Each structure stands twice: as C-alpha cells, then as structure tokens.
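Open the model in your viewer. Keep the selection tool ready. We will go from the whole chain down to a single residue.

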Amino acid sequence: VFVDPPYKGGLAPRALELLATLAWLAPGALVVVESAARETAPAAPAGLAFRNARRYGDTQLVVYTFEEKVRSMPT
C-alpha cells in the first residue's frame, strides 16, 4: 500500500491505524508512507512494524510491515 497524504496534514497516523485495524492487509504486506523529509515518521500502530525510512531530497519514504495478530485460544 502506498500512502501519500498531503504534507503537514497530519493524516498519515490515522491512515496507518485504519489499515492496521480494518483487515485490509495480508500478513507481511508492506505499507509505504510518503511525507516531507523534515517531518517525523509516524509511529507504527499495533499491527504494523517499522522497517526503515529513506530520504530522497525533500521527500521521506517510511516502510512498515503488517504483522498478523496472533489470537490466543480460550483455555
């Protein structure tokens, strides 16, 4: 999934949260967020794990991996 919200709009964290919780992603799926290089990378919500961040001029790409939540069986 490539997420490219308007810069400085504050929408990336909410988009990541929705992707992680609405069961739209397969286990191991990659989520790439584009933002301005000077912005702080959004924190990974539960279900997503930070992989890396790279800068290209004024642009930053942050990569997350979707981790399937393990459901415990009732005892």
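Helices (H or I, at least four residues) and strands (E, at least two) are DSSP runs, numbered from the N terminus. Follow them from the N terminus, and the order reads β-α-β-β-β.

This is a predicted model, where local features need pLDDT of at least 70, side-chain atom pairs count only at pLDDT 80 or more, and totals for chains, interfaces and linings use all residues. Residues are numbered from 1 along each chain as its sequence is written, and side-chain values use heavy atoms, with hydrogens and water left out.

Now color by pLDDT, the predictor's confidence in each residue, from 0 to 100. The chain averages 88, and 91% of the residues score at least 70. Next, select residues 70-75. Here the pLDDT is below 50. Beyond near neighbours in sequence, this stretch makes zero contacts (heavy atoms within 4.5 Å) in the model.

Zoom out to the whole chain. Its C-alpha atoms fill a box of roughly 50 × 20 × 15 Å along the principal axes. Of the 75 residues, 35% count as buried. Buried means under 20% relative accessible area, exposed over 50%, partly exposed in between (1.4 Å probe, protein chains only).

Last stop: select T65. Which strand holds T65? It is strand 4, residues 59-66. T65 counts as buried because its relative accessibility is 16%. Show what surrounds T65: leaving aside neighbours within four places in sequence, its contacts are G28, A29, L30, G47, L48, A49 and R51.
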